[in-house]
Amino acid sequence: MTAWAPGPFDNEEAADFIDDLAEAPDWRTVITLMEHAAGVSGYLEEAEGELAVAAAAVVASCVGTGSVLPDSHADLKATLGKPPEGSANLARKALARVVGTASELDELWQEGEDHDAWLTQIAGLQSLLGGQS
């Protein structure tokens with residue numbers, strides 16, 4: 001992996017996802033990624049976790065006044081509009097799954113020196129999601 005940093009779009013899977021979403025904006029794409037991660041009962045692979053975090057970041061950016069979207073894709077907030085009902089709750093569940101047990105992404109961050117920085121990013125997303133549904 002050539003791109004790897006704690007931000008929600010600071011890895012290649014997430015960067016490709018946000019680029020693709022900008023080309024074809026559709027909430028169904030975002031929801032599907034979060035549903036998949038939240039529903040995995042076994043081992044959550046690294047890419048699945050990265051995509052779930054990125055999808056949750058899109059929702060978090062669209063539910064309130066804050067945004068973590070890359071500057072190059074800041075217009076996605078207006079393009080996508082308000083997330084579908086229940087999206088914020090689904091995003092919170094997906095993020096909880098990514099930092100939970102049997103998550104390759106969490107395991108990889110634990111191996112490095114930036115696990116706390118990554119968890120801070122996840123907590124920031126949870127905060128942006130707030131009590132929104």
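This is a predicted model: local features need pLDDT of at least 70, side-chain atom pairs count only at pLDDT 80 or more; totals for chains, interfaces and linings use all residues.
How many residues has α5, and how far does α5 reach from its first C-alpha to its last? Residues are numbered from 1 along each chain as its sequence is written, and side-chain values use heavy atoms, with hydrogens and water left out.

**View 1. Helix α5 and its packing partners.** Helix α5 has 12 residues and reaches 16 Å from its first C-alpha to its last, close to the 16 Å expected at 1.5 Å a residue. Helices are DSSP runs (H or I, at least four residues), numbered from the N terminus, and the expected span is 1.5 Å times one less than the number of residues. Ser-87, Ala-88, Leu-90, Ala-91, Ala-94, Leu-95, Arg-97 and Val-98 of α5 are buried (buried: under 20% relative accessible area; exposed: over 50%; partly exposed: in between; 1.4 Å probe, protein chains only). These buried residues pack against α2, α3, α6 (104–111) and α7 (115–129), contact meaning heavy atoms within 4.5 Å.

**View 2. The buried and exposed faces of helix α2.** In α2, Trp-27, Val-30, Ile-31, Met-34 and Ala-37 are buried. Seen down the axis of α2, they fall within an arc of 135°, so they line one face of the helix; the arc is that of the directions from the helix axis to the C-beta atoms. Their cover includes α1 (12–23), α3 (46–63), α4 (76–80) and α5 (87–98). The face turned away from the buried side carries the exposed residues Arg-28 and Gly-39.

**View 3. The salt bridge of Asp-26 and Arg-28.** The structure holds 1 salt bridge, defined as a side-chain nitrogen of Lys or Arg within 4 Å of a carboxyl oxygen of Asp or Glu. Here the side chains of Asp-26 and Arg-28 meet at 2.7 Å, N to O. Asp-26 is partly exposed at 24% relative accessibility, whereas Arg-28 is exposed, with a relative accessible area of 62%.

**View 4. The aromatic pair of Trp-109 and Trp-118.** The count comes to 1 aromatic pair. The ring centres of Trp-109 and Trp-118 are 5.9 Å apart and the planes lie at 10°, so the pair is stacked. Rings of Phe, Tyr and Trp (its six-membered ring) pair if their centres lie within 6.5 Å; planes under 30 degrees apart count as stacked, over 60 as edge-to-face and the rest as tilted. Both Trp-109 and Trp-118 are buried.

Methods:
Helices (H or I, at least four residues) and strands (E, at least two) are DSSP runs, numbered from the N terminus.
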